[in-house]
Structures are given as structure tokens and as C-alpha cells.
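Please open the model in your viewer and keep the selection tool at hand. The tour moves from one selection to the next and says what is there at each stop.

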Amino acid sequence: MFYNNNHHHSLPISLSDDETDELGRMRVRARRKRKKLGNKRFIKKLLVKYWMLLIILPAAFLLFYEATRIGGLRPNSPNIATIKSLNQDHPHDLPSSDLVKELNTKTNLNRLDPVTHVIGGVKERCLKLLPPEKLEQLEIPVEEESSLPIGKVLYMSGNDASFVGGNATLSQLRAADTSFNLFTGNQTFEERQRSFEVKKTAMVHCGFYSVDGGFRISDEDKSYMQGCKVVVSTCAFGGGDDLYQPIGMSEASLKKVCYVAFWDEITLKAQELVGRRVGDDGFVGKWRIIVVQDLPFSDQRLNGKIPKMLSHRLFPQSEYSIWVDSKSQFRRDPLGVLEALLWRTNSVLAISEHGARGSVYDEAKAVVKKNKAKPEEVEVQLNQYKKDGLPEDKRFNGKKALCEASVIVRKHTPLTNLLMCVWFNEVVRFTSRDQLSFPYVLWQLKAFKNINMFPVCTRKDLVNSMGHIRKAKPLQN
């Protein structure tokens, strides 16, 4: 109730309940409006002050999510439990990077799913194998008379006068830190140049130069190797990698194909520690294990080039060979691979294109940048190739010049045997990075016609890639 102070007598002025409620509501609305305005001003101040943080946080979260998705490490996924288990199994001797590497190995192992790519808007399989029923009926083609320009390759050996170190012992040659030794012979530059001449009968250094040169194999193992017509081979020297069992083969291939893994004593002991013991029959699973004595190089990378490049010398009766790096698991039918990559395309050698680069000169820069070889060694090699006239073309005769050589499929012909010999000699003479020398060898021999440079996705279909498990131990003098 309100009173009028202008009169001596107070007269009451009454307000209805409705008017009182309306006045209260107006006051509430005014307070809310002031509060809302204050909130807007506060939010505006926050945005001005912390706008950068508001951008960075969502970006960081998105980056983390993509990284875990690609690596198969989403929160609450089974792989988290796998990492915890690995940490418990190896609490001291495995750093986190090794744990991730081991996890990737576990997730890739024994995968048989095909790799596909899109051609003209249509998804296609990268490696087009025959259907299983036809794979079982595959036969190795009857050898036809060769029309290739090289008819025969002779391999230099013995106490050749040009080998100045002929009376030296293998250990002395290692101590002198030379690449050429009793195993390779001492190839002169004149002999190197003659080795690139394409003629009916070629003579070339191709390893196994002297009986004292090393890479000794037992007579029992030699006898087994002599019986191989088709061989899939790998090697691990210095205990570097584990042995992965091949998968995806047909029953026909199991009867016709040899699987051979070359080890040294270090790898033999390392594999025994993880439960892979060679049986009385010389096998670990499907692999026949060949333990090599007296490796000729202190550099294990060079020792690995012997079974990789000189399979025609190790398996003289073999008609075909498939090389698989030790970091990979071969997962396709070998006869089917020969049919798809050689027989169907009328090729004598199939090797993967390099995925990242096309020029040997670009690859040389990458090798130096990644510390894969000494800069001065790469410079010597590239200077020699420039002097010899190797072009900077990224394609030779329509084919990509640079290869990724973790899988090599080939027919043992005089041409491919010569190519592998001169490639091996280049690796020994210069650097062990065989990608640098392969384009040069192709260019020198002009051996483009029957070479199948298949795309990277085909290689990914051929093997499950595990990566190198541990660093190989160098050979001690």
C-alpha cells in the first residue's frame, strides 16, 4: 500500500495482485537481459584471448585420432592389450619403437587379403592370379629355343693373373677393408667395361672366384639345391630378421617348388632362442635351412646380395627363382606368380618399380640424406655413371628406371644371369644400395624388352611386409 505525503490525511492507494506480478516479471526480465549481455561480453573476451588454442586443440585431437586409426591403436582396441602384454614380456630389452614394430609384425603376419587399385573407376586386384582350380593344374612350360642375344655366360674363376691379391687370405682381405676379395675376384675397369658387351658368349666375374673365397655350403645341402627346378629363396645373416613361413601356395606348388632360407651361425642361434629349431631333416616349417660358413664380406648387406643376385650360381639346375627379402612374408602361389608376371607377359625378369622416385640421381640424394651410404661412396658411383653417359631420364624405353628390389622374379636365362652378375659386381665395387646400380645395368645391357617392372601395389600383394626386426650383427674379423 502507498501513501500520498502531500496531504495531512493519508489516503490508501491499492494495487491489484495482477499489477504486482507484472512489475515483478519486468524486474526478472531486466535482470536476465543484463546477465545475458554480460555472458556475451565474457564469451567474446575469451574468444579474443584464446582463439588460437581453440583451433589447435581440435586439430591435435584429429591428428591423434588419425594416427591411432592408421596404426591400428584406437583406444579400447585389442592392440592396446597387445602392447601391454609385450611390455610385460620385455620390460627391459625392448624400447617403445621396437614394441610398435613387433605389433605391426603380429598384425600383418599371415594376411591373405588381396590388394586392389582403381583403374578407370573400377576396382581391380593388383596381382591377377589364375583361379585356384587352374593353379592346381599349372605346369612349368617346356623350354623353347631362346631368341635372346646372349647364348652362354662363362664365369671367371681360379688364380687369375689380374687378381693381385690371389695369395692373400680371406681374413687379410677383410682387414684391408676392400670390397673385392677371393670370393669376387679383382675385376679391373677394363673387365668391367667388357662385361657389358652383349654377345653370344659372355665372360664375367660372378662370385665364387676361388675355393678359398668363402660362402661354403655342405655337400648335403648342395645335393638338395641341385634338385630344385623352381626355388623361392630368402636369407638372414647376422641374426637380423625372423623367418616367416610362406602361405597361399597350391598343392601343386608344394610338390614342385623348393623354399630355401640361407642363414649363418649367428642367425641359427638367434632363431633357436625364439623356438625356431632346425629339424633333423634340415627344415623349419616349409623352409629348407642352408647354414653358410665363412661369409666373404664383413658387411652383412653385401653377404645378403649373394643369394639375392646369384641364385643361378647357387641353384645351377633351377629354371626359375623368386627372391623375397627377409623382412617380408611370401603369401602367394609361386607357380601362379611365375604365370602372372613372366609367362603371361613374355618376360624373363619381373621386379617392382620404386614407389617414391624415378631417377637414379634423385635416389642418390635420398640415400645420402637418410644415411644409407657414405656420401663420398655415392659421389664416386654417380660420377662414374655420369662419365659413362647414364641419362637422367626417369624412364627407359617406357619403363620406370628405378626399382624396389625386395621381390625379384626371374627365369634363369643367359641374359638374366649376365644381368645379375654385372649388377652384383656394381654393388661390390660401389655401394650396397642396389637401387642405384640397377638402372645403370639395364641401360648398359639395353635389356629392356623382356623386363616386367610391375607397380608397387603388385609387390604389396605378393608379400606381407614386416620390416626389419633387429639390426644384423657385422661379421667380426
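**Before selecting anything**

This is a predicted model, in which local features need pLDDT of at least 70 and side-chain atom pairs count only at pLDDT 80 or more, while totals for chains, interfaces and linings use all residues. Residues are numbered from 1 along each chain as its sequence is written, and side-chain values use heavy atoms, with hydrogens and water left out.

**The disulfides**

How many disulfides are there by the rule used here? With a disulfide taken as a pair of cysteine sulfur atoms within 2.5 Å, the count comes to three. When the bonded cysteines of the chain are numbered in sequence order, they pair as 1-6, 2-5 and 3-4.

Select Cys-126 and Cys-457 to begin, and you will find a disulfide with its sulfur atoms 2.4 Å apart. Cys-126 sits in the loop between strand S4 (122–125) and helix H4 (132–135), and Cys-457 belongs to helix H17 (residues 456–462), so this pair ties together parts that lie 331 residues apart in sequence. The helices (H or I, at least four residues) and strands (E, at least two) named on this tour are DSSP runs, numbered from the N terminus. The link of Cys-126 and Cys-457 is left-handed, with -115° about the S-S bond. For solvent exposure, buried means under 20% relative accessible area, exposed means over 50%, and partly exposed lies in between (1.4 Å probe, protein chains only). Cys-126 counts as buried at 11% relative accessibility, and Cys-457 is buried with a relative accessible area of 16%.

Next, select Cys-206 and Cys-421, which are joined by a disulfide with an S to S distance of 2.0 Å. This pair links distant parts of the chain, 215 residues apart, with Cys-206 in the loop between strand S6 (201–204) and helix H7 (219–226) and Cys-421 in helix H15 (residues 414–429). The link of Cys-206 and Cys-421 is left-handed, with -80° about the S-S bond, and both cysteines are buried.

Then move to Cys-228 and Cys-258, whose sulfur atoms are 2.3 Å apart in a disulfide. Here too the pair links distant parts of the chain, Cys-228 being in the loop between H7 and strand S7 (230–236) and Cys-258 in strand S8 (residues 257–263), 30 residues apart. The link of Cys-228 and Cys-258 is left-handed at -100° about the S-S bond, and both of these cysteines are buried.

**The salt bridges**

A salt bridge here is a side-chain nitrogen of Lys or Arg within 4 Å of a carboxyl oxygen of Asp or Glu, and a search of the whole structure finds 17 of them.

Select Glu-404 and Arg-459, which form a salt bridge with their closest N and O atoms 3.1 Å apart. The pair links distant parts of the chain, 55 residues apart, since Glu-404 is in strand S16 (residues 403–411) and Arg-459 is in helix H17. Glu-404 is buried with a relative accessible area of 15%, and Arg-459 is also buried, at 15%. As a further selection, take Arg-111, Asp-113 and Arg-331, which are joined into one network by salt bridges that share partners.

Now select Lys-308 and Asp-434, whose side chains meet in a salt bridge (2.9 Å, N to O).

Is helix H10 largely enclosed by the rest of the structure or left open, and why? Nine of its ten residues are buried, so H10 is largely enclosed by the rest of the structure. The buried residues of H10 include Gln-300, Leu-302, Asn-303 and Lys-308.

Finally, select Asp-299 and Arg-301 at the start of H10, where a side-chain oxygen of Asp-299 reaches to within 2.9 Å of the backbone nitrogen of Arg-301. Asp-299 also forms a salt bridge with Arg-301, the closest N and O atoms being 3.2 Å apart. Asp-299 counts as partly exposed at 24% relative accessibility, and Arg-301 counts as partly exposed at 44%.

Technical notes
A polar contact is a pair of N or O atoms within 3.5 Å; within protein, one must be able to donate a hydrogen and the other to accept it, and residues adjacent in sequence count only if both atoms are side-chain atoms.
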